[in-house]
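User: Could you take a close look at one part of this model with me, the place where the ligand sits? I am new to this, so please walk me through the surroundings step by step.

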Amino acid sequence: MKKIQMVDLKGQYKKIKDQVSIAMNEVLDSAAYINGPEVIKFQEELESFLGVKHVIPCANGTDALQIAMMGLGLKPGDEVITADFTFAATVEVIALLGLTPVLVDVNPDDFNIDVSAIENAITAKTKAIVPVHLFGQCANMDAVMELAEKYNLFVIEDNAQAIGATYASKDGEKKAGTIGHVASTSFFPSKNLGCYGDGGAIFTNDDELAHAIRGIVNHGMYKRYHHDVVGVNSRLDSVQAAVLRVKLRNLTQYNSARQLAADKYDAAFVNCDKITTPVRNDNHVFHQYTLKLDKSVNRDALVEYLNDNDIPCGVYYPIPLHKQKAYADERYNEKDFTVTNNLVKQVISLPMHTELDDEQIEFITTKIIEFIA
Ligand SMILES: *Cc1c(COP(=O)(O)O)cnc(C)c1O
């Protein structure tokens, strides 16, 4: 059996090595290393794949979130609501911009932001909601957009984990990241569409916002050496864009390979009443395949057992954001975070990537069932 990896980037690379080499060499020969034609082509191809008017590439997914918030003109003191159960980047940029993060609980089934908790947290200072499409599945965007309309709020989708996922909205099927006012994504190597370094992008259908954002990513410049607003330097380089163009052509197949692996995991655990397999509301693209274990199962002992058997696994996320030193706040009340407080003890993410084979899945699932029985 091939050694099991949490994410097998090498195996995936081997299959596209020739295309990647040609694409990278073209960039090296062209010497257009920053903002070259490759970046423009990638931007256009991603716009067409997503069905969104504007894709603005930038340096990473964290920058993308920050720039989206800057583009919306959010100001210190404005409150921004996001999920307690996510990667810290989301809350980090809110705090960094001097905005006030307001963390709320998530659903116990799909782990996405709890819409009723959002509504309870809205105040006169609330300006935006950041739903995170966690692990590859869309948050309840119809309900989020309805709240946003009712309270006149912006919606920024953190789409770092769900590129290519679709959402059956009341207005028809849409791609994740094209439903809110603006969205961010990350091309970190292990994401569903990853490059070979850092990368990110912002998406929007709003022409004016897109224009504002294009200046912000480039030092607040709309005309050369005229700096109209305080901006940042956040660019996707041409080599990464060339890699992303090759991988974008395979994204649908990559996501299908993840879904197929998820189907096989699901089938193996179907008779385990101590394991809840991921719920699949829409077209889940499985950035992570995350089990929820019964409270009687010692999750940390399972992690150790799997590691002893050379099976990598992950705990995303082990600490609720409202309990992190940087984001703790006396405003928070533990009774408002019962779901996240439980999930951090019950979740375990299994190896998930495009190269998993049947023998590996069989081995992983057999060991888990053996431990739990
Ligand atoms: C990966 C990730 C980010 C940050 O992306 P980087 O490119 O690493 O900066 C933001 N939000 C979520 C939910 C992520 O998973």
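Analyst: Let's start with Lys191: in this predicted model, one of its polar side-chain atoms lies 2.7 Å from an oxygen atom of the ligand. Gln161 also reaches the ligand with its side chain, placing a polar atom 2.8 Å from a ligand oxygen. Gly61 takes part through its backbone instead, where a polar atom is 2.7 Å from an oxygen atom of the ligand. How much of the ligand does the protein cover? On its own the ligand has 380 Å² of accessible area, and the protein covers 91% of that.

Now let's step back to the whole shell. Besides Gly61, Gln161 and Lys191, the residues around the ligand include Asn60, Thr62, Thr86, Phe87, Ala89, Val132, Asp158, Ala160 and Ser186. As for the site itself, the ligand takes up the space of the largest pocket.

To finish, here is a look at the aromatic rings of the model. The count of aromatic pairs comes to 13. One of them joins Tyr332 and Phe337 edge-to-face, with 5.5 Å from centre to centre and 85° between the planes. Are these two residues buried or exposed? Tyr332 counts as buried because its relative accessible area is 15%, which is under 20%. Phe337 is buried too, with a relative accessible area of 2%. Elsewhere in the list of rings, Phe85, Phe111, Phe135, Tyr316 and Tyr317 form one aromatic cluster.

Notes: Residues are numbered from 1 along each chain as its sequence is written. This is a predicted model: local features need pLDDT of at least 70, side-chain atom pairs count only at pLDDT 80 or more; totals for chains, interfaces and linings use all residues. Side-chain values use heavy atoms; hydrogens and water are left out. A residue is near a molecule or strand if one of its heavy atoms lies within 4 Å of it. A polar contact is a pair of N or O atoms within 3.5 Å; within protein, one must be able to donate a hydrogen and the other to accept it, and residues adjacent in sequence count only if both atoms are side-chain atoms. Accessible areas come from the Shrake-Rupley method with a 1.4 Å probe; for residues, only the protein chains shown count as cover. On a 1 Å grid over the protein atoms alone, a cavity is a set of points where a 1.4 Å probe fits but cannot get out, and a pocket is an open set with protein on both sides within 12 Å along at least five of seven lines; lining residues have an atom within 4 Å of a point. A molecule sits in a cavity or pocket if more than half of its atoms lie within 2 Å of its grid points. Rings of Phe, Tyr and Trp (its six-membered ring) pair if their centres lie within 6.5 Å; planes under 30 degrees apart count as stacked, over 60 as edge-to-face and the rest as tilted. Buried means under 20% relative accessible area, exposed over 50%, partly exposed in between (1.4 Å probe, protein chains only).
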